[in-house]
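Biologist: Could you walk me through this one? I have a few quick questions.
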Amino acid sequence: MLAAAPPRTYRTPTSLSSSSSPSSARKLATPSSSAAAPATNNTRALIVKCCAVSPSSQNPKPSPNLLQTVAKTIAGVTTVSLVLNLSNFPALIGGNSGGGGGGGVGGGGGGDGSSGGFWRRLFGPQLVANADEAQSPEWDSHGLPANIVVQLNKLSGFKKYKVSEILFFDRRRWSTVGTEDSFFEMVSLRPGGVYTKAQLQKELETLANCGMFEKVDLEGKTNPDGTLGVTISFTESTWQSADKFRCINVGLMAQSKPIEMDPDMTDKEKMEYFRNQEKDYKRRIDRARPCLLPAPVQREVLLMLREQGKVSARLLQKIRDRVQKWYQDEGYACAQVVNFGNLNTKEVVCEVVEGDITQLVIQFQDKLGNFVEGNTQIPVVKRELPRQKEELRGDNERWVDSGDIAEDEAGVDEEGEEISCQFLDLRPGYVFNIEAGKQALRNINSLALFSNIEVNPRPDEKNEGGIIVEIKLKELEQKTAEVSTEWSIVPGRGGYPTLASLQPGGTVTFEHRNLKGLNRSILGSVTTSNFYNPQDDLAFKLEYVHPYLDGVYNPRNRALRVSCFNSRKLSPVFTGGPGADEVPPIWVDRAGMKANITENFNRQSKFTYGLVMEEITTRDERSHICSNGQRVLPSGGVSEDGPPTTLSGTGIDRVAFIQSNITRDNTKFVNGTIVGERNVFQVDQGLGIGSKFPFFNRHQLTLTRFFQLKEVEEGAGKPPPPVLVLHGHYGGCVGDLPSYDAFTLGGPYSVRGYNMGEIGAARQILELAAELRIPVKGTHVYAFAEHGNDLGSSKDVKGNPTEVYRRVGHGSSYGVGVKLGLVRTEYAVDHNSGTGSVFFRFGERF
């Protein structure tokens, strides 16, 4: 009785070994030309070298795009880099493993162990270009008549032949295939190269054993100039048609050495041998984990199998390219198709090594790059690592047959939402994703504790196919101090400046960060415009920050901030309207303390609540305490009969209130332009503690929408989309309301085209704005229209400063602008007066 032919396998290593079994497992060799580019030491660059990737148009190389993406997304004062230098993975290259072929040679989990290990055949650069070994620029003429065909065994073993061209001849199609054919990936010979007979024979042996060809020959044709043209004639391997497709993750699976088949076996022994291989491979499939390849892509592959009919080597290459393209597009830069099993059955099994993380190592370095014991506690860094962002939804079954192809859209669940298979996590047990590495860089950089950050995946030598993620950190100095000075010239006697009138000012800041290695810090600053008389306008702030209020191991992210402060600002409430006489300024001094707790829901959304106790003092331009606003009389004198400046009527108020703020922000950047939505709601609740027992509820709601008007391709160097911005702001107060806390209208962050507070001061306000942004050559131009209204509540402010200073209480504006770096240059028309002005502003309006 004859043994049945076992299921065959089709592998994708970069170098091949001959098969010793009569059933001859089918294997495919990927080319050396598709290896990734060499590494670089630039810490700001991204280098991805993660196995050989097909250069076909279906599966482009990932490195340049990934480099551009990280260069765009990672920015800041500190040096931040993501280094993915995976080309020299000893754990991936070395070892003795196989792919198993479901009963074929190397089946069951053994593979061709005799040739030095499955991963070595897949990644080993020393075996990629066999024919390129020891090439010499010197070559010998063939010494034969021109235009004759010479068999390989007729060539001289003592000569070095120069190859002028390489042709592939398909015996089935009876035609020469072009260089775009995927079979050219298999050849390490290059036109213009110099090779010996031994190297050509080695190349032929490699092609014969790669599994792509049922038969392959190599012959030469002599040229008059002494060079040799090489023609490789072949018959492509084919297998029976398949109606099922399964994708499995074979990473980290233990590999066993295959049992060699004795050529003297009887038919019964051969049958038993094949059955054992088939059982071993079935057990291997059962032990393997499902791969991340989503069902829609698997259905697409299944359609390719059904349309093709018989399974061919070219078809398997297309399947490999499609599968690997999905992994590369999703950021799984280390994923690689390594084997196709169960050929000559109704089911094709695609084996993928996805790059499983086995260990996470966090290391600290000094300025010279030496490893040291860091001050920062490890849990502080681990908190910032990305966690699994999206659960895999939908059908978790990782194989598809012809009955699974649905008529509805692939990749959409029952609720109409797209199914996502991306896992952003750097913890052991997950697959390494380049987006997780970039997210880790951003998160750790946001701690502001490190001058240099590197995320460097390397091979795990103890777990074949595994990856150890190394995070290398250089800490900033814990204690820093900075002094910035400025000199202003004030008029001296007679109105002319003198050396004695030089007035020194500046800011002194100090910081002690990362106390006890838990990211706690003390920050302080002192600012004055005149160090000779600092009491005139001395401003200071001392703040203590205590993150991880619930413990560093608690996932709840709350931080305590306690600060004491003294600040002085010009009050926009006491400002004249259009055409009004100049109004003497009123300065508002605030001194007190503030304690609040901030709970971060994500990087942009948060909830803050706390207690504020402060003393507010209103002063005139001579720093004298004033209890009322001032007016300039026709005679030139100054009258202090304006609206009261404080609630107490004395020029000094003391107040305590609870302040809370909730921000919901899901905005993001698309090619440098912000899109999404942002909502902010703030409430200040008076406690009846302070001057005249103030009790009030002051509330504000801000809604901003950034509508993307056109879908664009995202990536470094890609143009941003046009954006429409709609903005609304409401503010109101119930209860006691001192003048300095009234809501004001007008200014660069209220209604553009007006001065601060020029429209009015009210108990309730409403602001509406629209802005259209059009990208133009690296920046954007925009047009805007805005309106502000006091809703008739100006009269409800004590003393009605809006009416006293001849302001309207409502106003609109429109204009155009251009963004030049950090500066906004705008031309805005004041609708109340009908005049336009040019403004230069820093920062963003919304």
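Modeller: Gladly, and keep in mind throughout that this is a predicted model. A place to begin is V776, which counts as partly exposed because its relative accessibility is 36%.

Biologist: Switching to the inside, which residues of the largest nonpolar core touch the most other members?
Modeller: The core has 28 residues, and those touching the most other members are F245, L293, I319, Y327 and V348. At least two residues each come from β12 (244-249), α6 (295-308), α7 (313-329), β15 (336-343) and β16 (347-353), with α7 supplying the largest share, six residues.

Biologist: What is Y327 in contact with, leaving aside its neighbours within four places in sequence?
Modeller: Y327 contacts C247, C291, L292, L293, Y332, A335, V352 and E354. Another core lies apart from the largest one and has 27 residues, including C334, F432, A440 and I453.

Biologist: Now S739: buried or exposed?
Modeller: S739 counts as buried, because its relative accessibility is 2%, and S739 is found in the loop between β35 (723-735) and β36 (743-745).

Biologist: What does the side chain of S739 reach?
Modeller: The S739 side chain reaches the backbone oxygen of P644 at 2.7 Å; beyond four places in sequence, S739 touches V573, F574, P644, T645, V797 and K798.

Key: Residues are numbered from 1 along each chain as its sequence is written. This is a predicted model: local features need pLDDT of at least 70, side-chain atom pairs count only at pLDDT 80 or more; totals for chains, interfaces and linings use all residues. Side-chain values use heavy atoms; hydrogens and water are left out. Buried means under 20% relative accessible area, exposed over 50%, partly exposed in between (1.4 Å probe, protein chains only). A nonpolar core is a set of buried Ala, Val, Leu, Ile, Met, Phe, Trp, Tyr and Cys residues joined through side-chain atoms within 4.5 Å. Helices (H or I, at least four residues) and strands (E, at least two) are DSSP runs, numbered from the N terminus. Contact means heavy atoms within 4.5 Å. A polar contact is a pair of N or O atoms within 3.5 Å; within protein, one must be able to donate a hydrogen and the other to accept it, and residues adjacent in sequence count only if both atoms are side-chain atoms.
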